[in-house]
Amino acid sequence: MDPEGEPVQVFVRIRPEEKDATKLENAVTVFDNNKSIRLSAPDGASYSRKSVTAVDDKVFAFDHVFGEQTSQEEVYGKVAQHANAVIRGYNTTIFAYGSTGSGKSYTMTGSSAKPGIIPRVVSEIFSIIESTTSQEKDVMFYVRISYVELYNNNFRNLLEA
């Protein structure tokens, strides 16, 4: 692992749904060198007096915050060190969490034009294996990958046909 890196890091990606983007206008502010976010009540929101604390600004700190305009390449650039640690023998987990429609699948799998973390990691791992085995004949790799989903309390192996 990177000597400066922590064993567990938490990243957040802000990706509003296009149809509801106006509701988030001025509601999320990224600051502190992309390490914190401030959540505010969206413009025009009205709440009852009983829920005044619900509209107070909330500040959350993370290891890194990816803003709305962050590309797939930028996201991968930050997590690549963790994914590539497997080549050095470390177990690595990249865990995507969020509500339905928040962009987990897009971030993890992407599209053919904008691949996500998984296709980039797999491609890089096998590229490293290929270059290493072409130079060193006595090296052997064992690759094991899990790709699972927990949805509505149902656990599903996404690699099963």
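Helices and strands are taken here as DSSP runs, of at least four residues for helices (H or I) and at least two for strands (E), numbered from the N terminus. On this basis T93 lies in the loop between α1 and α2, the latter spanning residues 104-108. The model described is a predicted one, and its secondary structure comes to three helices and seven strands, which follow one another along the sequence in the pattern β-β-β-β-β-α-α-α-β-β. Of the 161 residues in the protein, 20% are buried. Among contacts between residues at least 6 apart in sequence, 48% join residues that are at least 24 apart.

The packing of two of the helices was examined in detail. Helix α1, formed by residues 72-84, packs with helix α3, formed by residues 117-135, at an angle of about 50 degrees, and the axes of the two helices are 10 Å apart. The two helices are therefore oblique to each other, and α1 passes α3 in a right-handed crossing. On the side of α1, the contact is made by Q72, E73, V75, Y76, V79, A83 and N84, while α3 contributes I117, R120, V121, E124 and I128. By residue class, this contact of α1 with α3 divides into seven nonpolar, two polar and three charged residues.

In soluble globular proteins, nonpolar side chains tend to be buried together. In the present model, the largest nonpolar core holds eleven residues, namely F66, V75, Y76, V79, A80, A83, M108, I117, V121, I125 and I129. Helices α1 and α3 each supply at least two residues of this core, and the largest share, five residues, comes from α1. One member of the core, V75, touches R13, F66, T70, T107 and I117 when residues up to four places away in sequence are not counted.

A charged side chain also takes part in the contact between the helices, since R120 of α3 is among the residues that make it. R120 counts as buried because its relative accessibility is 18%, where the cut-off for burial is under 20%. With residues up to four places away in sequence again left out, R120 touches Q72, E73, Y76 and P115.

A83 itself belongs both to the contact of α1 with α3 and to the largest nonpolar core.

Conventions
Residues numbered from 1 in each chain as written. Predicted model: local features only at pLDDT ≥ 70, side-chain atom pairs only at ≥ 80, totals over all residues. Heavy atoms only, no water. Axes fitted to C-alpha atoms, helices over the stretch in contact; angles between N-to-C directions. Parallel < 35°, antiparallel > 145°, perpendicular 65-115°, else oblique. Left-handed = near helix turned anticlockwise from the far one by under 90°. Contact = heavy atoms within 4.5 Å. Core = buried A, V, L, I, M, F, W, Y, C linked by side-chain atoms within 4.5 Å. Buried < 20%, exposed > 50% of the residue type's maximum accessible area, 1.4 Å probe, protein only.
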